[in-house]
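Hi everyone, thanks for making time. I'd like to walk you through one model, so please bring up the sequence and the structure and follow along with me.

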Amino acid sequence: MKKKNLKSLENRRRMSGLVMLIPAIIYFIIFVYYPIFNLFKLSFYKYDFFSPQPEFVGLQNYTKLLKDSKFKRAFGNTFYFAAGAVILEVGISFFLSIILADVEKKNKALSDFYKIIYFIPYITPMVAISIIWGWLLDPSENGLINYLISFLGISPQSWLFDPKLAMPCLIAISVWQQTGYLTLLFTAGLKDIPQEYYEAAEIDGANAWQRTQYITFPSLRPIFELILIIATLEAFKIFTPMYVLTQGGPVGTTTTIVYAIYQQAFLFSNWGYASAESVCLFVLLFILSMVERKINR
């Protein structure tokens, strides 16, 4: 009798759990899985503003992508941006987290203040950040950065209008916005490392670099994996600074994959072709995530 009651209670608990999951399941089906399915489906059609009905063209959109020099350039620009942003964001955030951990041991209030300062750029809307940086990088002498470098005897630079400087400027903006969030993730990971490890290593004569190399890095491996994936995904999805500051210019040097998708979908109304570009980005991000996990392991 007791077994039957326990089994009945367990079944009721399972049913109640499933009932509670129904709203989340409906949400994911309507707003996540159906749009993804529809995106894949639309990528096999020719569909634009002038087409009354989508026309099935099979792999034509994908073969067109392989020959599209603009998309290839956007692909290269995206890798350039992602490589610079991810390396700098991860490196700087790890360095800052080490400093924060040391400050926290001496003065927790000061450490908390620094965390707030670091986190403010991350929670600030990217549109606002882009507008502020657009003012800072104004190519005239009125731009704050040009004004400051004039004291060093450097002539004003056309930051966002120079093909060689535009992308590095956008990378710097992304690094400034993302680093604070990644720093807090690293800081949380550092707190989970038992201090006994460092004390034992210090007793054995290990210097600061050896403690970092043999204790900190291995202990933070799961955090590194998470941060690399987050930073890579954010870098490949970048859009707002290009839209607000450069519109993909000058001469296409800041046109990334997402901005190219925006152009095809909303400027040229080539929705089928834009869907094919989106599928390529989806597959690329999936492969990169798997590769990063493999490397970390």
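**Helix packing, the core and a loop**

Let's begin with helices H3 and H4, whose axes lie 6 Å apart and which pack at an angle of about 150 degrees. The axes here are lines fitted to C-alpha atoms, for helices over the stretch in contact, and the angles run from 0 to 180 degrees between N-to-C directions. H3 and H4 are therefore roughly antiparallel to each other. On that scale, under 35 degrees counts as roughly parallel, over 145 as roughly antiparallel, 65 to 115 as roughly perpendicular, and the rest as oblique.

Two quick notes before going on. This is a predicted model, where local features need pLDDT of at least 70 and side-chain atom pairs count only at pLDDT 80 or more, while totals for chains, interfaces and linings use all residues. Residues are numbered from 1 along each chain as its sequence is written, and side-chain values use heavy atoms, with hydrogens and water left out.

The helices (H or I, at least four residues) and strands (E, at least two) that I name are DSSP runs, numbered from the N terminus.

Back to that pair. On the H3 side you will find Leu96, Leu100, Val103, Glu104 and Lys106, and they meet Lys108, Leu110, Ser111, Tyr114, Lys115 and Tyr118 of H4. Contact, by the way, means heavy atoms within 4.5 Å. Sorted by class, the contact of H3 with H4 has 6 nonpolar, 1 polar and 4 charged residues. For those classes, Ala, Val, Leu, Ile, Met, Phe, Trp, Tyr, Cys and Pro count as nonpolar, Asp, Glu, Lys and Arg as charged, and the others, Gly among them, as polar.

Please click on Lys115, which sits in helix H4 (residues 108–123). Is Lys115 buried or exposed? Lys115 counts as buried, because its relative accessibility is 13%. The cut-offs are under 20% relative accessible area for buried and over 50% for exposed, with partly exposed in between (1.4 Å probe, protein chains only). Not counting residues up to four places away in sequence, Lys115 touches Leu100, Glu104, Leu184, Thr187 and Lys191.

Now turn to H3 and H7. The axis of helix H3 (residues 69–106) comes within 6 Å of the H7 axis, and the two cross at roughly 40 degrees. H3 and H7 are therefore oblique to each other. The residues of the contact of H3 with H7 divide into 19 nonpolar, 9 polar and 3 charged.

And what about the core? The largest nonpolar core has 54 residues, and Phe81 and Ile173 touch the most other members. A nonpolar core here is a set of buried Ala, Val, Leu, Ile, Met, Phe, Trp, Tyr and Cys residues joined through side-chain atoms within 4.5 Å. Helix H7 (residues 166–191) gives the largest share of this core, 10 residues. Which residues is Ile173 in contact with, leaving aside its neighbours within four places in sequence? They are Met126, Ile129, Trp133, Leu137 and Leu245.

Next, a loop with some backbone details. Most residues other than glycine have a negative phi, and most peptide bonds are trans. Pro250 is in the loop between helix H11 (240–246) and H12, and the peptide bond from Gly249 to Pro250 is cis, with omega near -5 degrees. Gln247 belongs to the loop between H11 and H12, and its phi is positive, near 50 degrees. Gln247 is partly exposed, with a relative accessible area of 46%. Val251 is found in that loop between H11 and H12 too, and has a positive phi of about 50 degrees although it is not a glycine. At a relative accessible area of 62%, Val251 is exposed.

Finally, look at Tyr47, in the loop between strand S1 (45–46) and strand S2 (55–56). Tyr47 counts as partly exposed, at 27% relative accessibility. Leaving out residues up to four places away in sequence, Tyr47 touches Leu42, Gln53, Pro54, Ser269, Asn270, Trp271 and Gly272.
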